[in-house]
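Biologist: Hi! Could you walk me through this one while I have it open on my screen?
Modeller: Happy to, let's take a look together.

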Amino acid sequence: MIFRDAIPTDAVDIAKIQLTVWKQAYNKIFPEKFLQQMSYKDKIESNYKWLESLEKTTRVFVAEIKSKQLIGFSVGGLKREGDPLYKGELWGIYILNNYQRKGIGTELFKKVIQHLLNIKINSMLVWVLKDNPYRFFYEKLKGKFVREKQKEFNGLFRLIVSYGWLNIKNIFKN
Ligand SMILES: CC(C)(COP(=O)(O)OP(=O)(O)OC[C@H]1O[C@@H](n2cnc3c(N)ncnc32)[C@H](O)[C@@H]1OP(=O)(O)O)[C@@H](O)C(=O)NCCC(=O)NCCS
């Protein structure tokens with residue numbers, strides 16, 4: 001397994017991970033029709049454009065297995081809105097089902113932490129669906145509940161919650 005920065009041609013594998021994980025992980029949160037409507041082709045196109053023109057403060061890390069297939073990715077950068085206490089944000093982290101609970105998510109999380117520290121950011125926030133059972137991943141990593149709000153997902157409203165870390169240097173200290 002290697003961890004590296006994403007390049008534009010990773011758009012295809014990243015789209016596969018996004019759609020597969022959404023369908024597996026969020027099938028009790030969104031109706032099946034909503035999840036089935038997500039377009040693989042559109043996702044590849046938007047990922048390609050996004051990866052080609054990433055801002056300097058944003059980094060996308062991927063986990064690649066021997067066959068060169070990508071099985072997970074994480075994205076980190078500047079916080080996108082609100083909550084002045086937190087300067088950085090984990091924008092997303094996704095691991096294919098068969099590779100979960102093997103420590104890969106923690107490694108991709110660490111990559112984002114290191115990136116934020118490199119650009120002199122010491123605090124971080126993440127938003128996650130309130131009903132997402134995977135949010136305990138952030139609690140295990142010492143994230144503190146910050147607040148909740150409604151978010152629209154293509155016409156459907158769901159509660160999302162944020163977890164924050166005021167000092168990301170301390171996360172992996174005992
Ligand atoms: C959440 C996610 C990124 C975690 O990655 P991972 O590689 O499975 O996580 P790790 O193996 O590093 O887990 C570290 C610890 O987090 C906790 N954890 C992870 N997933 C958990 C879950 N579903 N329920 C409860 N605790 C969980 C555990 O304590 C785990 O340690 P353990 O396996 O020794 O008990 C991954 O499972 C995933 O992609 N989930 C679906 C998508 C998603 O919801 N992403 C987050 C929202 S943006």
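**A chat about the model**

Modeller: Let's begin with Lys111, which lies in helix H4. Keep in mind that this is a predicted model.

Biologist: Okay, is Lys111 buried or exposed?

Modeller: Lys111 is buried, because 21 other C-beta atoms lie within 10 Å and the cut-off for buried is 20 or more.

Biologist: And what is Lys111 in contact with?

Modeller: Setting aside neighbours within four places in sequence, Lys111 is in contact with Phe3, Phe61 and Ser74.

Biologist: How far is Lys111 from Asn170?

Modeller: Their C-alpha atoms are separated by 15 Å, and the two residues are 59 apart along the chain.

Biologist: Back to the helix. Which other residues of H4 are buried?

Modeller: Along with Lys111, the buried residues of H4 are Ile104, Gly105, Leu108, Phe109, Val112, Ile113, His115 and Leu116. The elements covering them include S1, S2, S3, S4, S5 and H5.

Biologist: What length does H4 reach?

Modeller: H4 has 15 residues and reaches 21 Å from its first C-alpha to its last, close to the 21 Å expected at 1.5 Å a residue.

Biologist: What comes after H4?

Modeller: H4 is followed by Lys120, with a positive phi near 65°. Lys120 is not a glycine, and it is found in the loop between H4 and S5. Most residues other than glycine have a negative phi.

Biologist: Is Lys120 buried or exposed?

Modeller: Lys120 counts as exposed, because it has 8 C-beta neighbours inside 10 Å.

Biologist: Changing topic to the strands. How do S1 and S2 run?

Modeller: S1 (residues 2–5) and S2 run antiparallel, joined by four bridges. Phe3 stands opposite Ala63 in S2.

Biologist: And how do S2 and S3 pair?

Modeller: S2 and S3 (residues 70–78) pair in the antiparallel sense over six bridges. Val62 has Phe73 in S3 as its bridge partner. The hairpin of S2 and S3 has five residues between the strands, and there Lys68 takes a positive phi near 85°.

Biologist: Why is S2 largely enclosed?

Modeller: Five of the six residues of S2 (residues 59–64) are buried, so the rest of the structure largely encloses this strand.

Biologist: Now the nonpolar core. Which residues touch the most other members of the largest one?

Modeller: Of its 33 residues, Phe61, Phe73, Leu108, Met124 and Val126 touch the most other members. Two or more residues of this core come from each of H1, S2, S3, S4, H4, S5 (124–129), H5 and S7 (156–165). H4 gives the most to this core, with six residues.

Biologist: And what does Phe73 touch?

Modeller: Not counting residues up to four places away in sequence, Phe73 touches Ala6, Ile14, Ile17, Val60, Phe61, Val62, Ala63, Tyr94 and Leu108.

Biologist: Last topic, the ligand. Which residues come nearest?

Modeller: There are 20 residues around the ligand, and Gln100, Gly105, Thr106, Tyr134 and Phe136 come nearest.

Biologist: Which elements supply at least two residues of that shell?

Modeller: Those are H1 (11–25), S4 (88–95), H4 (104–118) and H5 (136–140). S4 gives the most to the shell around the ligand, with four residues.

Biologist: How do the shell residues divide into nonpolar, polar and charged?

Modeller: The shell around the ligand has 11 nonpolar residues, six polar and three charged.

Methods: Residues are numbered from 1 along each chain as its sequence is written. This is a predicted model: local features need pLDDT of at least 70, side-chain atom pairs count only at pLDDT 80 or more; totals for chains, interfaces and linings use all residues. A residue is near a molecule or strand if its C-beta atom, placed from the backbone, lies within 6 Å of it. Ala, Val, Leu, Ile, Met, Phe, Trp, Tyr, Cys and Pro count as nonpolar, Asp, Glu, Lys and Arg as charged, and the others, Gly among them, as polar. A residue is buried if 20 or more other C-beta atoms lie within 10 Å of its own, exposed if 12 or fewer, and partly exposed in between; C-beta atoms are placed from the backbone. Two strands pair if DSSP finds at least two bridges between them. A nonpolar core is a set of buried Ala, Val, Leu, Ile, Met, Phe, Trp, Tyr and Cys residues joined through C-beta atoms within 7 Å. Two residues are in contact if their C-beta atoms, placed from the backbone, lie within 7 Å. The expected span of a helix is 1.5 Å times one less than its number of residues.
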